[in-house]
Amino acid sequence: MVFDPHSFRKNIAGIKTQVPTISGKKMAYINFDNAASTPPLISTIKETQAFMQWYSGVHRGTGYKSIIASKAYDFCHQIVGKFVKANLENNTVIMVKNTTEAINKLSYRLPLNKNDIVISSVMEHHSNDLPWRQKAHVEYIGLDEAGNLCMEDLEKKLRRLYPRVKLLAICGASNVTGQLNKIHDFAYLAHKYDTPIFVDAAQLIPHNPIDMKDDHDPYHIDYLAFSGHKIYSPYGSGCLIGPKKTFMANEPEYKGGGTVKMVLPHKIWWADLPEKEEAGSPNVIGAFALAKSLQLMESIGMEKVAAYEKFLTDYALAKLKNIPGITIFGTSPRVGVISFNLAGLHHALVGAALCYEAGIGVRTGCFCAQPYVRKLLLLDKKPVLASPSLNDNWSKMPGMVRISLGAYNTTKEIDILVKHLHRIALNRRHYLKEYYYSTAKNEFLPRNNNELNKWIDRTVMANFE
Ligand SMILES: Cc1ncc(COP(=O)(O)O)c(C=O)c1O
């Protein structure tokens, strides 16, 4: 059976949400900001709600609820590991709150010092860059002529810096261009130089199947992290997967309840994995919801999801290319993440126009990947723009418009987006006149925004009545 986006769509919370536009007409909200967060699955909401009857503190209670919640929580780890084909004999699944926390944790748990080298890339989200900077010296793999991560550059660095390189840390897919990295080829190369690989799978997880492979396979992935909210499960749970031996060594960076077997005034026996690494009361509901979303995605088949999203991405790219003055960044193969600019129009203005005129949600700016965005915009050699105060004035901040697709988006929604982008591109003067930059709000707004603002305030407050 092929993937049916329409039946998947019916399982998406808020798919029929109506929003007002500047013309006074209401529209069904179109969400093209899935790379930031995907909406929850209705099935996950229901199953999580049903599980609430068993909700209890885990691992330390004796009542039935605690026994059942503990077993269920432990089982969630297995579901997560199985989803990415991790070998759970040698590897552990550690539940954390998100990818950022997972990467920070790994940066603390690897025995790194300032003489050690972590090789990352220019393509990374800040979350897979900044944590490494505080622990080691970071070298960045550059791009080749086609805009992909350069294998030759990596090999040169691995050879030149051997044996100081302690980790290769790259994303599976970029959150700016959606570009896919050949993670297994990178793994093979890193292993050739005795270097483990960490894959930031935040943008890979909802789109493509992932296979960490057996530990003896030279193409295997050593460490992997992702967030639940990127795969239809926004309940504050994510994971870090990696070899047990890494986490058995040394002390956890967070210590406290749940992390120990026994404590004497001057001695500690650490708990087994993953408890040792999950300090405090864990997010049982978040782990449960993540496991339910993964089970649902697995039952559909990630290959089918990937095939549908490839079709949708190619469709979007083909249509976007015809918009006058558009520059699309990055290259294929990519997941459904596409960033672009329209000539003569600020990225945030385009985003505002899509929001207020078409009820379309996108993201604009640098997407927490400022070095990569600056590189793609050819600004990386212009120091004049490297001023932190620019962030206080969005109108001066360089950036792009990003659409990011989910498996529930449709070609019809892309057609609506493309129609509006055409109109915006062809009526640049009108938009420059009708929208203004508000210093108070640090955003672009339509001149007539009173009614829309009132609607926003009413909608927010209705949730608190
Ligand atoms: C590639 C990539 N890595 C890491 C992150 C951080 O994820 P989180 O905010 O869930 O920690 C993101 C978030 O957008 C991302 O796209």
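## Helices on the sheet

In this predicted model, helix α7 (residues 183-192) lies across β7 and β8 (197-200), and its course makes about 160° with that of β8.

Strand β7 (residues 165-171) is also joined to strand β5 (residues 117-121) through three bridges, and the two run parallel. Within this pairing, Val118 has Leu167 of β7 opposite. Helix α6 (residues 151-161) packs on the sheet as well, where it touches β5, β6 and β7. The direction of helix α6 is at about 150° to that of β6.

## Arrangement of the strands

The sheet is open and consists of seven strands, with mixed pairing, in the order β4-β10-β9-β8-β7-β5-β6. Its edges are formed by β4 (91-96) and β6 (137-141); each has a single partner strand, so one side of each is left without a neighbour in the sheet. From one strand to the next, the twist averages 20°. In general, strands of a sheet pair through backbone hydrogen bonds, in either a parallel or an antiparallel manner.

## Surroundings of the ligand

The ligand is surrounded by 13 residues. The closest are Asn98, Thr100, Asn175, Ala202 and Ser227. Classified by side chain, the shell around the ligand comprises nine polar, three nonpolar and one charged residues.

The chain is divided into two parts: domain 1 covers 5-31 + 301-462, and domain 2 covers 45-299. A distance of 30 Å separates the C-alpha centres of domain 1 and domain 2. Contact between them involves 24 residues of domain 1 and 24 residues of domain 2.

On the side of domain 1 that touches domain 2, at least two residues each are supplied by α10 (302-320), β14 (337-342) and α12 (370-376). The largest share of that side, five residues, belongs to α10. By class, the residues of domain 1 on this side are 15 nonpolar, five polar and four charged.

Ala353 is located in helix α11 (residues 347-358). This residue counts as buried because 25 C-beta neighbours lie inside 10 Å, and the cut-off for a buried residue is 20 or more.

Apart from neighbours within four places in sequence, Ala353 is in contact with Ile424, Tyr431 and Tyr435.

How values were computed. Residues are numbered from 1 along each chain as its sequence is written. This is a predicted model: local features need pLDDT of at least 70, side-chain atom pairs count only at pLDDT 80 or more; totals for chains, interfaces and linings use all residues. Helices (H or I, at least four residues) and strands (E, at least two) are DSSP runs, numbered from the N terminus. A residue is buried if 20 or more other C-beta atoms lie within 10 Å of its own, exposed if 12 or fewer, and partly exposed in between; C-beta atoms are placed from the backbone. Two residues are in contact if their C-beta atoms, placed from the backbone, lie within 7 Å. A residue is near a molecule or strand if its C-beta atom, placed from the backbone, lies within 6 Å of it. Ala, Val, Leu, Ile, Met, Phe, Trp, Tyr, Cys and Pro count as nonpolar, Asp, Glu, Lys and Arg as charged, and the others, Gly among them, as polar. Two strands pair if DSSP finds at least two bridges between them. Axes are lines fitted to C-alpha atoms, for helices over the stretch in contact, and angles run from 0 to 180 degrees between N-to-C directions. Domain bounds come from an automatic or database domain assignment.
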